[in-house]
Amino acid sequence: MKILTLQNNDLTPSGVIGEAIAEAGGVEDVRFPEHGDALPADAAGHDGLLVLGGRQHAADDVAHPYLPAELAVIRAFAAAGKPVLGICLGSQLLARALGGTVRRHHTPEVGFTAIEATAASEADPLLRGFVPLPRLMHWHYDTFDLPAGATLLATNAVCPNQAFTAGPGLYGLQFHLEVTAPIVEGWVDAFSDWTRDRFPEFFATYRDQLAEHAPASIRFAREVGRRWMELVRAARARGQRAA
């Protein structure tokens, strides 16, 4: 199984999700749109699409002129019935690609944050059985409206749209379930004094947060990644039968 991975920042690799893809027999085809990597015109040649996070504002095509190409790829995979998993910025791009509005949020979320599964998650193949959800890593300034027909799977009081599905295999997750401790350490080292001044509690406690919450987050991510790859495998089998 071949997964097209859109990595939107050098510091946001696929992490635990990438490990789950490999464990399931998948191979990632990693592209870096911000560095000028070409994106395919359609979903042929790939079995699933992983869209990762980044610092970009998901609605700013002027500053990030490659975003329309990412939206086109997302729509192509959705139209082909191939699974898409969007993480943080990737969830915002998935929502936008399918007709939702992306905007700056009134309250950024940074750090391991509590979220709650909705009742709809109990019937969902990706998130069923995860009650309560672990605290999961957030680092985002934006949010989005759900696309028409999407189902909300997780929420919290600060940012209601935490996870959604927009059809079989199509998932947007606002939180960074893919993180490992080295990934978070890389983010901490890279961000400016302005960010540190705005979120002093996180920067003072992030190592404690990692020690307390990363093990459960990683277990959760491995299982979510495994389940998503099952959806990729099933979609591939359907495509082969149809051919």
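**Entry 1: ground rules**

I take contact to mean heavy atoms within 4.5 Å, and I take axes as lines fitted to C-alpha atoms, for helices over the stretch in contact, with angles running from 0 to 180 degrees between N-to-C directions. Helices (H or I, at least four residues) and strands (E, at least two) are DSSP runs, numbered from the N terminus. I am working on a predicted model, in which local features need pLDDT of at least 70 and side-chain atom pairs count only at pLDDT 80 or more, while totals for chains, interfaces and linings use all residues. Residues are numbered from 1 along each chain as its sequence is written, and side-chain values use heavy atoms, with hydrogens and water left out.

**Entry 2: the sheet and its helices**

I looked up the strand order, counting two strands as paired if DSSP finds at least two bridges between them. Eight strands make up an open sheet with mixed pairing, in the order β2-β1-β3-β4-β10-β9-β8-β6. Its edge strands are β2 and β6 (116-117), each of which pairs on one side only.

Helix α1 (residues 15-23) lies across β1, β2, β3 and β4, at about 140° to β2. Helix α6 lies across β1, β3, β4 and β10 (170-173), at about 145° to β3.

**Entry 3: strand β1**

Which strands does β1 pair with in the parallel sense? I find five parallel bridges between β1 and β2, where threonine 5 stands opposite valine 30. From β1 the chain crosses through α1 to β2 in a right-handed β-α-β crossover (right-handed if, with the strands pointing away from the viewer, the path from the first strand over the helix to the second runs clockwise). With β3, strand β1 pairs in the parallel sense over four bridges, and here leucine 4 has leucine 49 as its bridge partner.

I use buried for under 20% relative accessible area, exposed for over 50%, and partly exposed for what lies in between (1.4 Å probe, protein chains only). Four of the five residues of β1 are buried, so the strand is largely enclosed by the rest of the structure.

**Entry 4: helix α2**

The buried residues of α2 are Leu67, Glu70, Leu71, Val73, Ile74, Ala76 and Phe77, and they pack against β1 (2-6), β3, β4 (84-87) and α3 (89-97). Just after α2, I note that glycine 81 takes a positive phi of about 75°.

**Entry 5: salt bridges**

How many salt bridges does a search of the whole structure find? With a side-chain nitrogen of Lys or Arg required within 4 Å of a carboxyl oxygen of Asp or Glu, the search finds eleven.

I looked at arginine 236 and aspartate 47, whose side chains meet at 3.1 Å, N to O. This pair links distant parts of the chain, 189 residues apart, with arginine 236 in helix α6 (residues 200-242) and aspartate 47 in the loop between β2 (27-31) and β3 (48-51). Arginine 236 counts as partly exposed at 34% relative accessibility, whereas aspartate 47 counts as buried at 14%.

Another salt bridge, at 2.9 Å N to O, joins arginine 104 and aspartate 142. Arginine 104 lies in strand β5 (residues 102-113) and aspartate 142 in strand β7 (residues 136-144), so this pair ties together parts that are 38 residues apart in sequence. Is arginine 104 buried or exposed? Arginine 104 counts as exposed at 53% relative accessibility, while aspartate 142, at 3%, counts as buried.

Within helix α6, arginine 226 and glutamate 223 are three residues apart and so separated by about one helical turn; their side chains meet in a salt bridge at 2.5 Å, N to O. Arginine 226 is partly exposed at 38%, as glutamate 223 is at 22%. Salt bridges that share partners join Glu223, Arg226, Arg227 and Glu230 into one network.

**Entry 6: leucine 210**

Finally, I looked up leucine 210, a residue of helix α6 that is buried with a relative accessible area of 8%. Leaving out residues up to four places away in sequence, leucine 210 touches Phe112, Ala181, Val184, Glu185 and Pro215. Between leucine 210 and phenylalanine 112 I note a C-alpha to C-alpha distance of 8.1 Å, at a separation of 98 residues in sequence.
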